[in-house]
Each structure stands twice: as structure tokens, then as C-alpha cells.
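Subject: Structure for you to look at

Hello,

Please find the structure below.

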Protein chains: 2
Amino acid sequence: MSVLLPTIDQIRDAAARIAPYATLTPVLRNDALDALVGARLHFKCENLQRGGAFKFRGACNAVWSLNDQEAAHGVVTHSSGNHGNALAMAAATRGIPAHVVVPEGAVRAKLEAIERAGAILHRCAPTIAAREAKAAEVQQATGAIMVHPYADTRVMAGQGTVVLELLQQCGSLDAVMTPIGGGGLSAGCSIAAHGIQKTLAVYGAEPAGADDTAQSLARGARIDDFTPDTICDGLRTLVGEPNLAALREHHVTVITVSDEETIAAMRLLWQALKIIVEVSSATVFAAVLKERELFAGKRVGLVLTGGNVDLDALPW
Amino acid sequence: MSVLLPTIDQIRDAAARIAPYATLTPVLRNDALDALVGARLHFKCENLQRGGAFKFRGACNAVWSLNDQEAAHGVVTHSSGNHGNALAMAAATRGIPAHVVVPEGAVRAKLEAIERAGAILHRCAPTIAAREAKAAEVQQATGAIMVHPYADTRVMAGQGTVVLELLQQCGSLDAVMTPIGGGGLSAGCSIAAHGIQKTLAVYGAEPAGADDTAQSLARGARIDDFTPDTICDGLRTLVGEPNLAALREHHVTVITVSDEETIAAMRLLWQALKIIVEVSSATVFAAVLKERELFAGKRVGLVLTGGNVDLDALPW
């Protein structure tokens, strides 16, 4: 697979392309959390994005980047939830079919949302190989265009609009941090960050049980034989090859956190910010709490990636 | 007690006075909830206000309306939680003491927040008479200025800034709705609404077990012998005399909802909006769901009043 990284201009184009459909999400500040960390935190609330996650940005950019002939057969993807939902919603904005391959064991609330958004679900075993095989099968049967959750130029460009918007909303920052799963958000945001402000430090947060990016960066080569084990269902994916290249090029520092640290951070976010963030999103706050000396006195943008939570299965 | 109602100019002055301290809270839209109700809903998120509730507006306006001599002895109030917390936070912005009388049985998370904000707590029995007696006692002992939770011109003016801001954010609306407890928010918002847009229909939502306002309006006189019984802890107060006069003058229509309807509405708000609202706040959404024919096709502003919830005691 050879996927080009998006440029800052492609990210700006993506921002214009998705503007009619995406929500301009608010940035929240909180004195109590600032005091706890000893930094000035700016929470970019992608949990308040359409579909409850940043994923709508990349999916929407991909769907509206297709020409009419490409679009006619619809789109297909495999996703543990939020990207599938996002692609279903994005396809609906253009009136084209969406096929979503979902692994067994995905969060029930997310699957229901994907079906409500009008997508056709295709179930498969919860392995990366099974997902990719099933998606290829659907693609061949329908002629739908594959929109990969993260190893896709259009998707990365769309996700990069998060940091573009964040910097427009709060001016310059010292650092930004996103969670890292497949690395679509992190790659897009790194490129956006340095396209606007070369001095911005870019961080990623990874669950200790899904630290393939940290390991891949340390080793200098992508690990592809690894089974993630974390409560963070949105981050149980290996970083993509093009994504890893972007993180290397932009000197992204990865901080790993335990699931216990993430759950505690999630609860703090709910209590202080009065918003619902899913467990994967809380990794960034867990990371600044864990490594607070890195951020002392700094202006830090934290991307809260999603809010799709099963209210009957809270992790505390 | 003779308390003047604020004018629209006093509400505009309040907006300017609190601007350095209060949060400009976002207005959220949601396609799924619009479809459910058949109206265009604009959720004004005062759960994202400082202290997690709209009450900071009124308290802040009261604290900064005092002259230096008045302010020196501090402020005192009685409150089931959010107003007490708000007054503590507002007093802290001016560096003056805050005394808060709290009834036994108030939500633990709220009491902890009041203490963290630096107030001195004074406990009393959970009756309105006991609260007022205790507050008078503290007032006499300390010389603190009483800032009543709702029957106070400065407080009503501060609460009215919610609708002032909402209309600035989303242009004209067909209707606005707030929950009604003591009526400070409802009175201030009615005056603000009609000061800006005479055609705006103003609604209030009241728990069926605390429907003293609906009864008082129907009877033409304020009921003062009534013990509220509702899960909505923020609305267990009788409407104030000046507040009732404002609601009558502005033809506020009160819709009553059962606690069951409110709890179901609260859960829907959490799931769809990805924000944490307390049970009292959900009365407004329960009311539009219950009386949806009243709002069909209309642009409706709903004030979500607070987000201070005990995460270990969710009502579902």
C-alpha cells in the first residue's frame, strides 16, 4: 500500500469541503483541571462533532472528494465503530450507499448508531486480517470505493482539520496532543500543526496495551505482529505505514498510559467539563496528568476524540 | 418582601458586568433530537458555565453590583447547591467571604464543590423556613449581604443574560423554555426575551411534584403552603413573589412533567448531545417531547441549566 500524506493545502481544502456538513466544535477551558495539571489546557470537543466523534471530518472529506462516477457505487470501510458511523453519515449527506464491516465485540451503542445512519452492516471476526478480507469482498461485490479508516490521504486531511480549527479558535499553543490508534488523526494533526506553526510540539497518547506506535518509533520500523489489549476500543488498531511516516517526520512524542490511568482521567473529565467523552479520548488527559512536568505552564491543546459511550456499561 | 423586577437595560448591564468572569456557553444542535421532536432545537449549554450551572451569572452580577463597603462583609445565601456554589465562586472573583446555608440531604457532589470554591458552609433542616432562619442568623452575625437565590433583582438580571446571549448566538427564535424552580431564571429570561423580541413565546418546565408555579398561575395567587416532591433537586423551591409577577406579565406557559419523563429525557440528552446535564435541566426536553405539537416546525431555545451530577448515583 502506497498512500501519500496530505499537505497543509489539502487540509485547508478539506476544511472548506466539510464546512457545510461538519460542526464547528467548541474548545472548553477549566480552571480546576488547569490547576491540577499546572498548565493551560484547551479541550477541543470532537465528542460534540456530528456522529459524536472527529471521524466525521475524514469520512466527509473522502465522500465529497469522489467524482460522481466514483460516488455512484457507494463507499465501504471496516471500523470498530466511530469511522463506520462517520462514513455512514457522510454518505448520507451525498445520498450514496455505505457498507460498513464491523468486528464482533464492537460497542453496541456504536453499531446501533451506524445502522440508524443508514449503512449496511457486514460482520466479521475481531482481527485486522478478517476485517480487511471482508471489506475487500464487499468492495468486489458492489464496486464501492474503499475509504480506509486511517491509511487514506483524504481521511488524514479531514482529520487534520481538527488542529486547523483549534488553532483558529485559540491562537498559538505550545503543544497539541491526540490519541493514537491507526494514526489518521495524529498524522493529519501533525501536518496541520507544523503547516501553521513550526514551533508547536506534537504529542500522541497511546494505551500501554496498544503501544505499537511507541514501539515502532523506538525500533525505527513498523510493528505489524501485535494484538492490542486495552479497554480503549477506538485505539485497538495498529498504526498505518503512511501514518507512522508522518509521526516520524513531525517528531511526534508518544506517551503511554495504563487503562487504569485512562479510566480515572475519563471520570475527571466528565466531572469537571460536564461532557461525555469515551474512554479512548481520555488517554490524552491521562497522559498530561502522568507527565505533567513536560507541560508545566504551557498552553496545551488536547483533542477529545469522541463521546460514544454505552451508558449502561461505564468503566468505573 | 418587595423586590423590583429587572429591566432589559439592567440585564444588558449585567451581561457587561459578568463578561470578564462568565463563560460564553455554546449552543448545540442535534439532528436526531430535532427529528424526534419535529422542531429545530437550540440547546443553550449552561451546564458548561463556570461552576457547572447558569447560577454563576446571577451570583456574579450580584457580587459585582455591590459597592466596596457592602462587599467587605461578604455575602450569604441559602441554596440546595448550584446557587451556593455559584455565589462562592463569584465571591472568590472579588476576594470576599461567602457564607452558604445548605439543607441536609443536598447532593454530595454539590456540597463538595461549594467547599472547594472556598465558602463557609452552614447546615440546616431541609425546609424553606429553616433555610431562611439560618441565613438571617448568619447575616446578623457577620454583616454579610444576603443574595437570595431567585427573589433578587440583581440575580434575576444575571440569569436573564442566558437568553440575551442565546438570541445573539442564534438570531430570532419562536420560543424559549427554562426549568422553573424559584423562578429567577424564568423571570430574567422572560424579561430578556420580550425586551429583544416581543413575539417570542416563553415557556417554563416544572416537575409535576413541584408544580407550585403552574398552580399559582392557574389560581391567580402564589401558593406558599406546598412541599415539593421530585427527583429534580434544583427545582425543590417555591416560586418567588416577584418572579411569579414576571411570569404572569410575560404570559409564560408552564408545562409539567413527571419525574419518569424527565429521567428518560435526561438519558436521551446524554446519549445524543454527549453532555452531562443534571436531572432538573432535562425537564425542558421532557416538556417539548410531551407537548411536541406545540412546537412543531418551530425554532425553540432550551436552556440546559446545569451539569452537577453525582456519577455514582445516576437515576436510571
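A:K274 lies in the loop between α12 (259-273) and α13 (283-290) of chain A. Helices here are DSSP runs of H or I with at least four residues, strands are DSSP runs of E with at least two, and both are numbered from the N terminus. The phi angle of A:K274 is positive, about 65°, although this residue is not a glycine. With a relative accessibility of 10%, A:K274 counts as buried. Buried means under 20% relative accessible area, exposed means over 50%, and partly exposed is in between, using a 1.4 Å probe and protein chains only.

Before going on, note that this is a predicted model, in which local features need pLDDT of at least 70 and side-chain atom pairs count only at pLDDT 80 or more, while totals for chains, interfaces and linings use all residues. Residues are numbered from 1 along each chain as its sequence is written, chains are lettered from A and ligands numbered from 1 in the order in which they are written, and side-chain values use heavy atoms, with hydrogens and water left out.

Chain B also has a positive phi to look at. B:H251, a residue other than glycine, has a phi near 50°. B:H251 is found in the loop between α11 (241-249) and β9 (253-257) of chain B. Is B:H251 buried or exposed? B:H251 is exposed, at a relative accessible area of 66%.

Chain A as a whole

Chain A contains 14 helices and 10 strands. For its 316 residues, a compact globule would have a radius of gyration near 20 Å, and the 18 Å of chain A agrees with that. The radius is taken over C-alpha atoms, and the globule rule is 2.2 Å times the number of residues to the power 0.38. Along the principal axes, the C-alpha atoms of chain A fill a box of roughly 55 × 40 × 40 Å.

Of the 316 residues of chain A, 60% count as buried. The accessible surface of chain A is about 11500 Å², and 50% of this belongs to carbon and sulfur atoms. These areas come from the Shrake-Rupley method with a 1.4 Å probe, and for residues only the protein chains shown count as cover. Among the contacts in chain A with a separation of 6 or more, 73% are between residues 24 or more positions apart. A contact means heavy atoms within 4.5 Å.

Chain A carries 27 positive and 32 negative side chains, and the centres of the two sets are 5 Å apart. Lys and Arg count as positive and Asp and Glu as negative, while His and the chain ends are not counted. Each charge is placed at NZ of Lys, CZ of Arg, CG of Asp or CD of Glu.

A sheet in chain A

Strands of a sheet pair through backbone hydrogen bonds, either parallel or antiparallel. Two strands are said to pair if DSSP finds at least two bridges between them. Chain A has an open sheet of six strands in the order β1-β2-β10-β7-β8-β9, with mixed pairing. Its edge strands are β1 (27-28) and β9 (253-257), each pairing on one side only. β1(A) runs antiparallel to strand β2 (residues 40-45) of chain A, and two bridges join them. A:L28 has A:F43 as its bridge partner in β2(A).

Strand β7 (residues 175-179) of chain A is mostly covered, with five of its five residues buried. In a regular strand the side chains alternate between the two faces of the sheet. In β7(A), A:A175, A:M177 and A:P179 point one way and A:V176 and A:T178 the other way, and all are buried. β7(A) and strand β8 (residues 201-207) of chain A run parallel, joined by five bridges. A:T178 stands opposite A:G204 in β8(A).

Strands in chain B

An open sheet of four strands in chain B has the order β5-β4-β3-β6, with parallel pairing. β5 (120-124) and β6 (145-146) of chain B stand at the edges with a single partner strand each, so one side of each has no neighbour in the sheet. Strand β3 (residues 75-78) and strand β4 (residues 98-103) of chain B pair in the parallel sense over four bridges. B:V75 has B:A98 as its bridge partner in β4(B).

Regards
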